[in-house]
Amino acid sequence: MLKFIPLFLFLFSTMNISAQDLKLPLLFSDHMVLQRNNDIRIWGWSTPRTNITVSLHADSRTTTANKNGRWETFLPAQKAGGPYVMEVSSGQGTLSLKDVYIGDVWLAGGQSNMEWKLNWVVDNWEDEVAESGNHPEIRFFEVPQTTAFQPQEHVPGGAWKLANPQNTGNFSAVAWYFAKLNHREQNVPVGIIESNWGGTPAEAWTPAKRLLEVDGYQEEAQKVLDPAIDWSEEFAENDVLTKQKWELVGSPKLGVDAGVQKPDYDDSGWQTVSIPTVQPLSDVVWLRRSFTVADAAIDSISLFTGDVVQESYFYINGEQVGEKSWQQHFANFQIDPELLKKGENVIALRAVNSWDNKVIVGGENNIHLMVNDHEIDLTGKWKYSNEVEPKMPTVTRYENAPGFLYNGMIHPLAGYSMKGVIWYQGENNVGAPQYYNELFEALIEEWRISWDQEEFPFLFVQLANYMPKQEQPTDSDWARLREAQAEALSLTNTGMATAIDIGVADDIHPRNKEDVGKRLWLAAQHVAFGENLTYSGPTYAGHVVEGNTLRLAFNHTGNRLTIAAKEKLFGFAIAGADKKFYWADGVKLEDNQLVIWSDLVKHPVAVRYGWADNPDLSLYNKEGLPAIPFRTDDW
């Protein structure tokens, strides 16, 4: 839910406090992790002009609150260790923060693929959660999703959570796998500050003032910064609509009370629609149809939902048999055999899309029942109505507005000493890839300015393969966005983990988060810890034309280049001066370089690799990391 929280409502840490005016940001609280080998910045608020002393381990520092009551100080760099107690005291009392560790701290930011939690059914999530109690020195702090039209000083909630079976399921999966490797290989405590929001663009995470200088975003930024707009009023009105929306989305009560799910409900006035849907439906969708069971004795029943976008409830003969959340691509429900009877039965479903109000039912994974050992196909004609419940309120997504997430979810964290950032975002900027590189580099630079902690490591994920494969070479906004991401490697202390070979065609949220975390960690080992290792897949370094062939050279080849599918070359397209691309027909490896050709291009001019939404790939290094998509043209 969108949130606007005035300053006077923000919460502060108040552990063991006897001086009511002494306050700390919530980041400074029990179980926190502080950055090792780096000056530790501590700040807070107290009575103006009072002296504040901060003590940790064997060190202490004293400072004085300014006329507004704000104070800050730096503790000297310390080695990894703990648990410790930090004490913050003034003349009126003392705050004692317990179970404090010193190790490595990372901010995990981005949109839904970074937000995606372990218990949102990622691969092997149950085993990960079950064994997570073996790593109590890994701690997560989740920043509440908060929008703000001005930079805020505080986050409105959150607490440090220890890794254990009760907590870990709610941790970012990518960040968890990354943190485990950091913890194991560096043998230090690890703290992850999660600040992410699904479906948000990079401009929302960038200060609006900076966006006045970034192509494609000046007009939006100017509006956000317009002093004539009363954003408090805008937020308040939108919050009312947002509350109405989530009340509607979250409960089928109105439809159930009307008896829509019951077999004898009169749906004669409803429209007829085909499932799978050809065009998206809108608002709160109710669907009904009958089906026939031939078996007199029913031993087992399961319902396969198909792809329903997004939330849905399922009923058979009036009884609810399952609920599918938006995190599930599809679901399979086991049903009590006593619910069905021989002859005619009725199935009903309620579906709503809280994201963009476009409801899709069926998709490529069609809905059906398995009764005993045979399938009952439920595709085809259904009765349909979206007038059983009120229309979906129109809500403004202020989390997409320039600077609003930076103001509410990044600025309050700025200055908390950390090792660096891991970032997974970009899907929501695919519609304008031509602007993304400048935008992304502005985001990185502004965060570094806000932290004033040199040029800390910024590690990011290049977008995964997604959407249907194309039979012929074509242009791709996803490929252009990936290219814009890779161009940010020109900035100091940046590293990229590609996910180009671990995506899923029909799911923007691939469930293999472990490999993403591992590849981010490889980048961290090199960029953040200075280790000499192969941390990237092969990257294009140059080419020469040799007759009708192209000889390509690469960096990051590791032990050597390898072709994954030796029987056929995938992913390379070659063009001549006519700018028409054809798939490469042949390949050979020579001196750790790649020689390719196409029988249809006698005079090659340009080559592209992995240049598609969901490309086929064949080039790796011996270490198993895929080559980074590239193109040699600027067409």
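Tutor: Let us begin with a term: a residue is called buried when its relative accessible area is under 20%, exposed when that area is over 50%, and partly exposed in between. Please also keep in mind that this is a predicted model.

Student: What caps the N-terminal end of α10?

Tutor: That is Ser476, which has a side-chain oxygen 3.2 Å from the backbone nitrogen of Trp478.

Student: Switching to the largest nonpolar core, which residues touch the most other members?

Tutor: That core has 110 residues, and the ones that touch the most other members are Leu34, Met86, Trp205, Tyr416, Trp423, Trp447 and Phe458. Apart from this core lies another one of 30 residues, among them Val293, Val308, Phe314 and Ile376.

Student: What does Tyr416 touch, leaving out residues up to four places away in sequence?

Tutor: With those left out, the contacts of Tyr416 include Leu27, Phe28, Met32, Val33 and Leu34, and also Trp43, Trp160 and Trp451. Arg41 and Gln453 are on that list as well.

Student: How many aromatic pairs are there?

Tutor: The count comes to 36 aromatic pairs. One of them is formed by Tyr540 and Phe630, whose rings are stacked, at 4.7 Å centre to centre and with 15° between the planes. This pair links distant parts of the chain, since Tyr540 lies in strand β26 (residues 539-546) and Phe630 in strand β35, 90 residues apart.

Student: Are Tyr540 and Phe630 buried or partly exposed?

Tutor: Phe630 has a relative accessibility of 7%, so this residue counts as buried, whereas Tyr540 has a relative accessible area of 28% and is therefore partly exposed.

Student: Which residues form the aromatic cluster?

Tutor: One aromatic cluster is formed by Trp205, Trp423, Tyr436, Phe440, Trp447, Trp451, Phe456, Phe458 and Phe460.

Student: Where does the charged end of Arg397 sit?

Tutor: The charged end of Arg397 sits over the ring of Trp355, 4.1 Å from the ring centre, and the charged end of Lys117 sits over the ring of Trp120, 5.8 Å from its centre.

Student: Now salt bridges: how many does the count come to?

Tutor: The count comes to 29 salt bridges. In one of these, the side chains of Arg210 and Glu446 meet at 2.9 Å, N to O. Arg210 lies in helix α4 (residues 208-211) and Glu446 in helix α9, so this pair ties together parts that are 236 residues apart in sequence.

Student: Are Arg210 and Glu446 buried or exposed?

Tutor: Arg210, at 19% relative accessibility, counts as buried because the cut-off is under 20%, and Glu446 is buried too, with a relative accessible area of 14%.

Student: What about Glu514, which residue does it form a salt bridge with?

Tutor: Glu514 forms one with Lys518, the closest N and O atoms being 3.6 Å apart. Both residues lie in helix α11 (residues 514-527), four residues apart, which is about one turn of the helix. Glu514 counts as partly exposed at 29% relative accessibility, and Lys518 counts as partly exposed at 38%.

Student: Which residues are linked in a network of salt bridges?

Tutor: Such a network links Arg41, Arg70, Glu72 and Glu153, and Arg41 is also one of the residues that Tyr416 touches.

Notes:
Residues numbered from 1 in each chain as written. Predicted model: local features only at pLDDT ≥ 70, side-chain atom pairs only at ≥ 80, totals over all residues. Heavy atoms only, no water. Polar contact = N/O pair within 3.5 Å; in protein donor to acceptor, adjacent residues only side chain to side chain. Helix = DSSP H or I, 4+ residues; strand = E, 2+ residues; numbered from the N terminus. Core = buried A, V, L, I, M, F, W, Y, C linked by side-chain atoms within 4.5 Å. Buried < 20%, exposed > 50% of the residue type's maximum accessible area, 1.4 Å probe, protein only. Contact = heavy atoms within 4.5 Å. Phe/Tyr/Trp six-rings, centres within 6.5 Å; stacked < 30°, edge-to-face > 60°. Lys NZ or Arg CZ within 6 Å of the ring centre and 35° of its normal. Salt bridge = Lys/Arg side-chain N within 4 Å of Asp/Glu carboxyl O.
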